[in-house]
Amino acid sequence: MCRWLAYSGSPILLTQALYEGPNSLVSQSLHSRLGAEPTNGDGFGVGWYGAPSTPGVFHSTEPAWNDSNLKELSEHISSPLFFTHIRAAIGSAVQQTNCHPFRHGNWLFMHNGYVNEFNTIKRDLILAVDPSLYAEIKGQADTEVLFYLALSFGLEHDPPTAVARAIGLVEAVAERHGVPHPFQGTVATTDGENIWAFRYSSERNSRTLFYTTDVPTLRKLYPGRQLFQEMSDNAKLIVSEPLGDVAGVWNEVPESSWGIIGPGGNEMQDFRPVAPPTAVAVAG
């Protein structure tokens, strides 16, 4: 599959999340411990927020461990909220337009997993994308179609409901075509202020997802660790797999659940896909 990381808090250099720690994201691109494949070398992407209202993105088809531009940029870009994603391609070409995170306006979206037999149900899914958004689809990846379905179902107004309807549509279309276990994965999306993360699969056996314990608690647990003293109180990471093995830092996101991190609150709820009332999406 893939590996991804989302960060929210006071600004930090991207290199701290990408390269530092015993199991950094770049290390996972070569030696993933919990992924379906140990190597994720089919490109990568970074999306970050700064002074402009819209995020910057950088995509490459190079393996993350082998890209000097990624290292150079990560050592000079500081951001309060960013997404990073390393890719193991399934069914779509290794090209920049298929690299996560995907961007629309001030939104980013990324995914670890797959839509089963995507080519069998792709036509029906694309026809459900709102016509005003269709021309923005640039690549072949199932994740990009899922993103534009969620946008069509109102992602910018109600992310949990929009993602539930997008995955619900995938499952409904797959059932009509006899496709088993149509959706697998973890999803993250953000508007630059809040991050919404989802863990769900049709067979209820989803890819792993973790979040960090709140920083004030970690300071109490490890008063001598300088890293926790330097982090802001609101700093939070959501990751496909932990970046280290310090006890008490990482918490597994429960199966079939979603959570929000940011000014909009910090909470976790059950996640259930909702089949849309019609086969055609309505713009939010």
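**View 1. Buried residues F109 and F147.** Both F109 and F147 are buried in this predicted model. Theirs is one of the 10 aromatic pairs that the structure holds. The ring centres of F109 and F147 lie 4.9 Å apart and the ring planes meet at 20°, so the pair is stacked; stacking requires planes under 30 degrees apart. This pair links distant parts of the chain, with F109 in strand β6 (residues 107-115) and F147 in helix α6 (residues 142-152). F109 and F147 are 38 residues apart.

**View 2. The ring pair of F198 and F271.** The centres of the F198 and F271 rings are 5.5 Å apart, and their planes lie at 70°, so this pair is edge-to-face; the cut-off for that class is over 60 degrees. Distant parts of the chain are linked here too: F198 belongs to strand β8 (residues 195-201), while F271 is in the segment after β13 (267-270). The two residues are 73 residues apart. F198 has a relative accessible area of 2% and is buried. F271, with a relative accessible area of 3%, is also buried.

**View 3. A cluster of aromatic residues.** F198 and F271 belong to a cluster that also includes F183, Y200 and W258. Ring pairs link these residues.

**View 4. The charged end of K71 over the ring of Y19.** The ring of Y19 has the charged end of K71 over it, 4.6 Å from the ring centre.

**View 5. The charged end of R225 over the ring of Y222.** In this view an arginine, R225, places its charged end over the Y222 ring, at 5.5 Å from the ring centre.

Methods: Residues numbered from 1 in each chain as written. Predicted model: local features only at pLDDT ≥ 70, side-chain atom pairs only at ≥ 80, totals over all residues. Heavy atoms only, no water. Phe/Tyr/Trp six-rings, centres within 6.5 Å; stacked < 30°, edge-to-face > 60°. Helix = DSSP H or I, 4+ residues; strand = E, 2+ residues; numbered from the N terminus. Buried < 20%, exposed > 50% of the residue type's maximum accessible area, 1.4 Å probe, protein only. Lys NZ or Arg CZ within 6 Å of the ring centre and 35° of its normal.
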